[in-house]
Amino acid sequence: MEFWFTERQTRDLGLTFRVKESLWVERTPYQTLAILDTYQYGRMLVLDGAVQTTEADEHIYHEMLTHVPLLIHPRPRRILVVGGGDGGTVREALKHPEVELVELVEIDERVIAAAKRFLPTISSALEDPRARVIVGDGVAHVGSAQGVYDVILVDSTDPVGPAIALFEEPFFASLHRALKADGLFAAQTKTPYLDGALIGQIHHWVAKRFPVACLYTAAIPTYPTGLWSFMVGSKRHPHDRPDEVRAKRLETKYYTPQVHRAAFTLPRAVEEALERAGSTLP
Ligand code: AG3
């Protein structure tokens with residue numbers, strides 16, 4: 001007997017995994033959480049039917065969401081992670097010796113618990129003395145902070161349920177307020193192949209407030225279409241000059257300074273979509 005799980009990515013598109021074992025399924029106050037053990041990608045965290053992270057390819061997303069912004073900043077000391085209860089982004093941020101504190105604000109305590117139990121290679125850093133785990137609303141947390149953080153990493157689900165507000169203009173205004181005078185943020189922004197209009201809109205909101213507003217991509221096999229995007233908004237430091245010396249000391253599997261610079265080179269249609277959004281939105 002074979003068991004397969006399909007993420008229905010759109011009405012007309014899905015990605016299917018052969019499942020060794022379903023390890024955990026739970027209805028939390030926010031979403032349905034599942035941990036599946038798959039043949040191709042190892043254990044995976046699924047929220048409301050959407051693949052969040054897998055043991056085999058999580059490093060791509062977590063390295064690119066974290067090291068791109070942290071190596072743009074010359075001295076990142078205080079970091080905030082919004083979402084990311086699996087702990088992968090915290091783990092990557094703690095690889096930087098200059099980081100003094102990583103706060104994680106995750107709304108769903110059950111995600112943290114399931115990751116600790118079933119995904120120890122991803123969640124282990126949550127026990128680090130430089131990590132502070134807060135169970136709470138990331139939007140409210142960012143909204144009440146002023147000039148506090150060097151870098152904010154938005155490691156959210158897609159804009160469904162509690163994450164909808166993380167893809168709206170007021171959130172980008174409060175990110176700007178929560179950052180120090182030379183701070184910067186990076187956020188996951190879905191795939192340019194299906195979500196070009198949303199990405200264009202976010203780019204426009206970020207460019208209104210941050211002198212540096214740039215999109216970058218990474219190839220992530222378990223996310224819709226395989227091409228994923230991230231937005232950087234930076235108050236001062238340019239996006240394309242990663243600190244090569246600090247980068248050399250990092251242990252990574254995907255990230256290099258060359259990958260960093262190349263990731264900002266966009267396919268023509270994506271660039272055009274960003275330009276279009278800029279010229280038509282208020
Ligand atoms: N957060 C982004 C996952 C988005 C995937 N979307 C989907 N499968 N439809 C990942 C959290 C990992 N820390």
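Which backbone nitrogen lies 3.4 Å from a polar atom of the side chain of Thr 189? Hi everyone, let's start there. It is the backbone nitrogen of Phe 230. Please keep in mind that this is a predicted model.

So where does Thr 189 sit? You'll find Thr 189 in the loop that runs between strand 10 (179-188) and helix 7 (196-209). With a relative accessible area of 1%, Thr 189 counts as buried because the cut-off for that is under 20%. The side chain of Thr 189 also makes a polar contact of 2.7 Å with the side chain of Ser 229. If we set aside the neighbours within four places in sequence, the contacts of Thr 189 include Phe 167, Ile 199, Ile 202, Leu 215 and Met 231.

Now let's step back to the domains. The protein splits into domain 1 (3-54) and domain 2 (58-279), and their C-alpha centres are 23 Å apart. Domain 1 brings 22 residues to the contact, and domain 2 brings 21. Together the two domains bury about 2000 Å², with 65% of that coming from carbon and sulfur atoms. On the domain 1 side, Tyr 30, Gln 52 and Thr 53 lose the most area, together 24% of what that side buries.

What about polar links? There are 6 residue pairs in polar contact between domain 1 and domain 2. Strand 2 gives the largest share of the domain 1 side, 6 residues. By type, the residues on that side are 12 nonpolar, 7 polar and 3 charged. The rule finds 1 salt bridge across the interface. Elsewhere on my list, Glu 26 forms a salt bridge with Arg 110, with the closest N and O atoms 2.6 Å apart. Thanks, everyone!

Technical notes. Residues numbered from 1 in each chain as written. Predicted model: local features only at pLDDT ≥ 70, side-chain atom pairs only at ≥ 80, totals over all residues. Heavy atoms only, no water. Helix = DSSP H or I, 4+ residues; strand = E, 2+ residues; numbered from the N terminus. Buried < 20%, exposed > 50% of the residue type's maximum accessible area, 1.4 Å probe, protein only. Polar contact = N/O pair within 3.5 Å; in protein donor to acceptor, adjacent residues only side chain to side chain. Contact = heavy atoms within 4.5 Å. Domains from an automatic or database assignment. Buried area = accessible area lost by both parts, 1.4 Å probe. Salt bridge = Lys/Arg side-chain N within 4 Å of Asp/Glu carboxyl O. Nonpolar A, V, L, I, M, F, W, Y, C, P; charged D, E, K, R; others polar.
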